[in-house]
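The sequence and structure come next, followed by the details.

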Amino acid sequence: MQLFLQVTGFGLVDASILALAAVGFTLQWGVGKFINLAYVYLMMLSAFLDYTLTQTLHLEFWLSAALSIGAVGLVSMGMNHYLVLPLARRGVRFFDLLIAGFGVGIVVEFGLQAIYGENFFQIKVAGTRPLKILGMHLTPSQLVIIGIAVLVMVMLHVLLTKTDIGRAIRAISVNPTLAQSCGVRVDFVLNLLWLMSGVLCGLSGLVLAFDTSLFNSGTSAVELPFILAIAMVGGIGSAYGAMGAALLIGLVSNWVDIVNPQYGIVVAVFAGGLVLLLRPEGLFRSPMASLAGSV
Amino acid sequence: MNWVFYATTLGTVFFINLILILSVNLQLGLLGLPNLSFIICLGAGAYVVSIFSLGPAVPGSLQQYFFGAFLPFPIPLILAALVGVAVAFIVGALVLYRMRGHTLAVITLIIVLVVWSVINGTPNFLGGANGLFGIPQPFHSLAGTTLGYGFVFLGYVAVLGCLCFVFNQRFFKSPLGRAARALRENEQAAVALGKDAYRIRLIAVMCGGAMAALSGALLAQYSMIWTPSPWSLDEVFPAIGAMIVGGRGNNWGAALGTFFVSIVIGQGIQWIPFVSSDPGLGSAVQWIGEGVIFIGFLWFRPRGLLPERKARWDHSPRRVGAFGEADGSRPGEGVRPLERSGLVSDSAVSA
Amino acid sequence: MTTSDTVLSCENVTLAFGGLRAVDDASLSIQRGTITGLIGPNGAGKSTMVNILSGQLRPQSGRVTFDTADVTGFQAHRIAQRGLIRTFQLSSEFARMTVLENLMVAPRQTGERFWSAVFYRRGWRDQEYELLARAENLLREFGLFSLADEYAGNLSGGQRRLLELARALMAEPRMLLLDEPLAGVAPGRTGQVIDHIVQINQGRSVTVLIVEHSMEVIEQLCSTVLVMIQGQVIAEGSMQQLRENPRVLEAYIS
């Protein structure tokens with residue numbers, strides 16, 4: 001029981017990191033209409049930028065965090081605007097766009113490796129002595145991560161429901177042409193969407209670095225199957241679905257890891273594939289949701 | 001530096017990669033199927049040829065795997081190809097029935113990730129993360145020296161590579177290849193003419209699986225080691241990139257692309273001074289170079305260096321004029337220009 | 001009304017999407033050798049019906065019979081192999097293949113079997129030349145011979161329609177299902193397409209079912225016309241008879 005509770009605690013931490021990552025990813029897939037295979041590598045970019053800013057340039061912790069995350073947001077937005085959209089306009093087919101995205105990821109991953117070498121790095125955010133909460137031993141670091149995730153999810157909810165931009169995003173996810181004729185500036189909003197999801201990408205990468213004691217350029221790559229699975233289980237393009245699915249998959253894969261460390265990923269991905277085959281709108285949407293298009 | 005030996009290694013690498021790219025060209029180029037699981041077939045072929053020529057695993061040794069046998073020369077290779085077909089069949093039966101386009105790509109991507117993680121993470125199944133080593137090489141009795149053996153191995157893979165090339169060419173130029181292209185262009189219309197999409201796709205995927213497995217097996221025999229690294233998801237990228245550069249749907253394009261990626265980029269990197277001194281940096285720079293070049297080709301020349309060519313029939317009886325009289329032109333010559341321009345009009349419907 | 005000379009028929013076919021019954025307990029039969037029209041207002045279910053008849057969609061109930069064989073639920077390619085070839089409303093040429101190749105791919109051929117294709121090429125070499133000759137003759141008949149080596153995607157709308165007809169003929173169909181064959185054809189060219197359809201029916205004895213919304217074309221071509229309203233076939237007869245049919249008039253006006 002003790003082990004179970006403890007593993008649940010780890011599951012919550014993983015779920016937090018994955019939720020931040022998956023929401024950005026699913027928005028890019030569902031609304032931006034692009035499966036961004038560079039996503040996990042851009043996550044690491046923010047971690048490395050933060051490391052350089054704090055350790056080499058000695059900037060203050062939260063400032064450099066904000067700058068790194070912002071940088072990844074800008075890079076994501078730039079990637080869509082200057083690479084993906086122009087290629088799509090030239091008639092490059094969808095699969096080749098995936099390859100282009102993969103290419104960007106490769107360049108980022110190995111660019112980081114070329115610059116930083118294969119060494120491991122560390123970013124500390126808070127103490128490492130575990131506290132006991134609800135029967136689980138979690139470090140202040142991990143609690144900070146969970147806290148950040150919850151805070152950001154709430155902010156996202158407010159953004160999507162109460163602001164004009166949020167409503168515009170939801171309108172575009174249902175029917176871009178209709179949204180445009182209703183006066184929504186689709187291009188502008190999409191750019192903003194990429195910026196937002198890029199920020200989530202950067203944030204999740206930074207948070208991942210907080211959680212792993214040592215990271216290098218390849219650390220985030222292992223998250224790719226989980227993020228894909230979460231997007232599929234939650235419903236492609238659904239932010240709320242991604243949050244729910246991240247919790248589900250984060251917990252379940254950690255529980256399964258008790259049995260065998262390799263099988264967590266297998267179960268997660270299996271679930272994703274199954275849902276995609278049998279219930280493509282995801283577990284959390286109604287079957288007509290593709291018509292309603294809720295984000 | 002022994003240039004001749006260097007050349008044999010380049011040639012060997014070329015042919016091994018060629019077989020893989022031909023496999024990709026068959027599935028992605030001819031059929032338009034973004035089936036990423038070919039990389040699993042590559043791995044499978046390598047593992048099979050290894051465990052069937054290494055003999056049973058020795059308890060307590062560094063490498064542990066299931067089964068194992070000491071089978072004589074062509075058998076492990078043949079088994080490797082057969083297992084490649086089997087793996088391709090399983091994946092194909094699972095995904096080809098319903099999925100198209102990017103769903104297929106994502107699902108096969110996930111399958112690659114899962115299979116890779118499981119094998120990488122299970123130490124005693126196929127050597128786990130450490131892999132297998134000491135894989136025996138065939139035909140050692142034919143040559144005593146390293147250089148001599150270099151030629152033997154080159155000949156070995158060159159023969160297999162050329163056989164695969166001929167196979168692919170025949171496939172592409174046959175009515176089956178034609179039907180495959182039609183499926184790629186417009187599946188609905190092809191099906192409405194009676195083409196069985198599932199059957200044709202499954203055939204292509206299975207043949208592709210065999211070739212990918214063969215490529216993996218040869219690579220394992222060549223390097224005598226096999227780890228999860230050469231068949232990770234990342235390795236899908238240069239394979240597809242070779243097709244993007246060379247031109248998809250065209251086997252000569254595939255060969256050109258293979259040459260460009262594995263020789264020009266792969267070896268060209270070694271000649272940059274600051275890179276060759278640091279092996280880790282070298283590999284990173286190679287990847288970055290590939291990424292930039294492939295994106296560049298997608299941007300500037302998405303059809304590749306040698307695009308797919310129009311179908312032509314060389315020995316057809318059609319060198320008879322439009323109105324049934326022999327036009328006296330040499331065999332192989334086109335229809336007379338006058339008829340083409342429509343001045344001698346056989347068509348009232350013009351553009 | 002199913003007689004011994006019915007080539008295609010369906011009985012009580014139903015297909016619903018969500019709550020919407022696109023085809024609702026519909027029945028029809030086509031007589032051999034005729035050119036039959038299928039008309040109806042938008043949303044009447046004509047496209048769905050065509051998809052059911054040709055196997056693209058599977059009905060939830062009812063039966064489809066082609067040439068006395070029950071083909072309900074058969075996949076599209078199997079029905080096509082039995083001799084029912086359909087064309088599509090949107091031009092569906094194989095764009096990156098040449099015009100001649102478009103025709104060459106249409107018929108069923110030995111070279112499509114894996115073993116023959118790759119290993120025993122002598123098995124289909126002769127057939128290839130036969131097909132080539134047949135294809136070239138068809139191209140001449142349709143006035144497309146000069147475009148034989150042109151990519152099909154580069155043709156004009158009218159030429160693509162003719163190509164589609166010629167391609168369907170290469171498959172030696174017993175019946176053709178033409179879905180809006182004049183869509184995308186310039187007005188001055190439609191006569192040519194119509195002439196070819198007549199020639200296919202009379203010269204080659206191919207039964208034709210044509211879905212069209214232009215009444216003049218239907219009147220010109222079709223001896224029998226079926227009318228579909230809201231998923232059901234409500235009337236059958238010549239255009240003259242239908243003009244006097246109150247249900248048809250009501251449906252079109254209301």
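Two strands count as paired if DSSP finds at least two bridges between them. In this predicted model, strand β3 of chain C (residues 35–39) is joined by 4 bridges to strand β8 of chain C (residues 207–211), and the two run parallel. Within this pairing, Gly37(C) stands opposite Ile210(C) of β8(C). Strand β9 of chain C (residues 224–229) is also linked to β3(C) by 4 bridges, again in parallel. Here Thr36(C) has Thr224(C) of β9(C) as its bridge partner.

Is β3(C) enclosed or open to the outside? Because 5 of its 5 residues are buried, β3(C) is largely enclosed by the rest of the structure. The cover extends to both faces: Ile35(C), Gly37(C) and Ile39(C) are buried on one side, and Thr36(C) and Leu38(C) on the other.

## The open antiparallel sheet

Chain C also holds an open sheet of 4 strands, paired antiparallel in the order β2-β1-β4-β5. The edge positions belong to β2 (20–31) and β5 (69–70) of chain C; each has a single partner strand, so one side of each is left without a neighbour in the sheet.

The partner of β2(C) is strand β1 of chain C (residues 6–17), and 8 bridges connect this antiparallel pair. Across the pair, Ser9(C) faces Ser29(C) of β2(C).

## Helix α1 and Thr48

Helix α1 of chain C spans residues 46–54 and is mostly covered, with 8 of its 9 residues buried. Among the buried residues are Met49(C), Val50(C), Ile52(C) and Leu53(C), but also Lys46(C) and Asn51(C). Just after α1(C), Gly55(C) adopts a positive phi of about 95 degrees.

Thr48(C) is part of this helix. Why does Thr48(C) count as buried? The cut-off for buried is under 20% relative accessible area, and Thr48(C) has 12% relative accessibility, so Thr48(C) counts as buried. Leaving aside residues up to four places away in sequence, Thr48(C) touches Leu15(C), Phe17(C), Ala22(C), Val23(C) and Leu57(C).

## Confidence

Chain C has an average pLDDT of 90, and 98% of the residues score at least 70. For the complex, the predictor gives an ipTM of 0.91 and a pTM of 0.88.

Notes: Residues are numbered from 1 along each chain as its sequence is written. Chains are lettered from A and ligands numbered from 1 in the order in which they are written. This is a predicted model: local features need pLDDT of at least 70, side-chain atom pairs count only at pLDDT 80 or more; totals for chains, interfaces and linings use all residues. Side-chain values use heavy atoms; hydrogens and water are left out. pLDDT is the predictor's confidence in each residue, from 0 to 100. Buried means under 20% relative accessible area, exposed over 50%, partly exposed in between (1.4 Å probe, protein chains only). Contact means heavy atoms within 4.5 Å.
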